[in-house]
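Visitor: Hi! Could you walk me through this one? I'd like to start with something local and then zoom out.

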Amino acid sequence: MTTTNSGLSRRRFLALGGVAAGGALTVGCSPASSTNTPVATGTGSTAKGAVTVMSQSGEFGPKEAKAASQALGLTVKTVEYDLTKLTAMLASGNPPDVVRGMGATDTAYLAAREVAEDLDPYFAKSTLIKADDIDPVNDLWRFDGQKQGAGPRYGFAKDYSQDAMLWYNSALFDAAKVAHPSSAEPLSFDELLDLGKRLTKRQGAKVSAYGLNANGLSVFITLCGMTASAGGKVLADDLASVDLSSPEALRAITWYLDYAKAGIGPTVLNPDPNGWDGPTFQAGRMAIATDGYWFGGVFSADAKNAKLAHLLPAPQFGTGARISPCYGATGLWMPKAGKNKDAAWAVMEWFLAGDPAKARAKGGWGIPPLKSLQKLMPQTQPFQKEAYEVQLAEQKYFSVMTFTPYLRLDAIDGIIGRELPKAIKGTTTAAQFADTVMSQVNTQLADGKKRLR
């Protein structure tokens with residue numbers, strides 16, 4: 001349970017991609033020693049010392065670190081998540097003890113590179129997390145070498161949502177004299193695009209209120225979900241190649257390009273200055289946002305928008321089975337090279353299943369990862385009760401898609417981001433865009449697979 005390795009081999013380091021794109025933070029991350037009173041963990045061992053958590057400050061920041069230190073008798077520190085810094089720390093054999101990750105897209109990649117710790121022994125002895133209480137979404141944090149959903153657990157979700165669902169601002173619908181959509185039946189993608197166009201507000205050539213943000217968590221996984229709704233798939237069964245040339249994938253790409261060319265929402269050419277939907281939606285400048293149930297947490301203390309925000313099912317093409325995907329399952333994992341694993345587990349268990357998990361559940365920040373906590377999902381305010389009922393009805397269409405272990409999602413989105421401007425401007429067609437992206441992604445997938453041999 002406490003064995004460590006001295007760091008990644010050169011082969012494994014190169015497989016991680018070396019230094020990833022993006023600027024590294026200058027924050028230090030050296031574990032400090034501690035003489036705090038040891039704390040008993042769910043594994044039956046006694047944990048002590050220091051734990052460094054690499055996460056986003058809005059999820060596990062200094063406030064959470066202080067609370068963890070007090071609750072567990074440990075010295076808990078945080079460093080802001082940064083892929084470049086994380087890659088360098090893993091390569092040096094001195095990683096953070098706990099790291100933020102997205103189960104849906106990170107698990108296979110981390111497990112294939114032998115970077116993440118197998119947490120099954122910890123789960124087996126946990127006092128807070130019982131096997132029959134684990135929501136099935138946590139299977140996204142499992143990988144058996146071939147597919148997700150089987151094999152060891154390498155992490156655990158802090159919460160999750162069906163990420164293709166929609167929130168709409170009823171005030172903007174009323175101002176445009178557009179009827180409110182049904183919360184019982186999903187919109188078609190064509191209906192959604194039409195609504196986005198009708199709801200966009202312009203002052204001259206400038207958009208003053210977006211009609212729709214269709215980007216979701218990632219353009220690539222959004223296209224994957226749309227392709228699945230059309231009855232196709234992007235990733236091959238062996239996870240080593242993508243196909244964007246199928247009729248179903250081209251239907252998804254064409255729809256997205258129609259959205260982007262219409263200028264009704266954020267794109268790579270015209271990004272939202274706020275960087276995410278929350279502030280824009282709250283300011284009355286976004287009519288429809290592609291965000292899952294978790295987005296309701298934004299309005300729990302916002303009386304104005306609590307009266308205006310409504311949750312809708314995920315849109316569909318209607319030619320495939322109705323689906324409502326989870327693209328994130330954001331949570332925590334433990335690097336295999338960590339030096340204080342029992343203490344790291346104590347922090348993970350506390351954050352993911354203890355008092356912080358209960359507080360997140362009550363705040364509406366996603367669906368809890370434990371079934372026993374889902375009864376805490378808020379229904380006090382009218383919008384919360386409405387969203388809860390819409391979410392319950394949507395769960396029967398819950399779906400996930402195995403992600404590749406050979407390439408990171410941000411690398412694929414980087415390729416798409418470079419090629420999209422030409423397609424949006426009309427200098428390349430949807431088919432040409434698909435072929436160019438497919439060629440580049442498949443080249444990198446082949447390289448990633450070769451590095452793992």
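**A hairpin to begin with**

Guide: Let's start with R142, whose bridge partner in β7 is R153.

Visitor: Which strand does β7 pair with, and in what sense?

Guide: Strand β7 (residues 148-153) pairs with strand β6 (residues 142-143) in the antiparallel sense, over 2 bridges. Two strands pair if DSSP finds at least two bridges between them. Strands here are DSSP runs (E, at least two residues) and helices are runs of H or I with at least four residues, numbered from the N terminus.

Visitor: How many residues sit between the strands of that hairpin?

Guide: There are 4 residues between the strands, and in this hairpin G145 takes a positive phi near 100°.

Visitor: Before we go on, where do these values come from?

Guide: This is a predicted model, where local features need pLDDT of at least 70, side-chain atom pairs count only at pLDDT 80 or more, and totals for chains, interfaces and linings use all residues. Residues are numbered from 1 along each chain as its sequence is written, and side-chain values use heavy atoms, with hydrogens and water left out.

Visitor: Thanks! New topic: how many aromatic pairs are there?

Guide: The structure holds 21 aromatic pairs. Rings of Phe, Tyr and Trp (its six-membered ring) pair if their centres lie within 6.5 Å; planes under 30 degrees apart count as stacked, over 60 as edge-to-face and the rest as tilted. F281 and F299 form a tilted pair, because their ring centres are 5.4 Å apart and their planes are at 45°.

Visitor: Where do F281 and F299 lie?

Guide: F281 lies in helix α10 (residues 277-282) and F299 in the loop between β12 (288-290) and α11 (303-306), so the pair ties together parts that are 18 residues apart in sequence.

Visitor: Are F281 and F299 buried or exposed?

Guide: Both F281 and F299 are buried, meaning under 20% relative accessible area with a 1.4 Å probe, protein chains only. F299 also forms an edge-to-face pair with F295, at 5.3 Å centre to centre and 85° between the planes.

Visitor: Which residues do ring pairs link into a cluster?

Guide: The cluster consists of W167, W276, F281, W294, F295, F299 and F383.

Visitor: And which residue lies over the face of Y109?

Guide: That is R113, at 3.6 Å from the ring centre. A charge sits over a ring if NZ of Lys or CZ of Arg is within 6 Å of the ring centre and within 35 degrees of the ring normal. R360 lies over the face of F351, at 4.3 Å from the ring centre.

Visitor: Zooming out, what does the secondary structure come to?

Guide: The protein has 16 helices and 16 strands. Of its 453 residues, 56% count as buried.

Definitions and conventions
Buried < 20%, exposed > 50% of the residue type's maximum accessible area, 1.4 Å probe, protein only.
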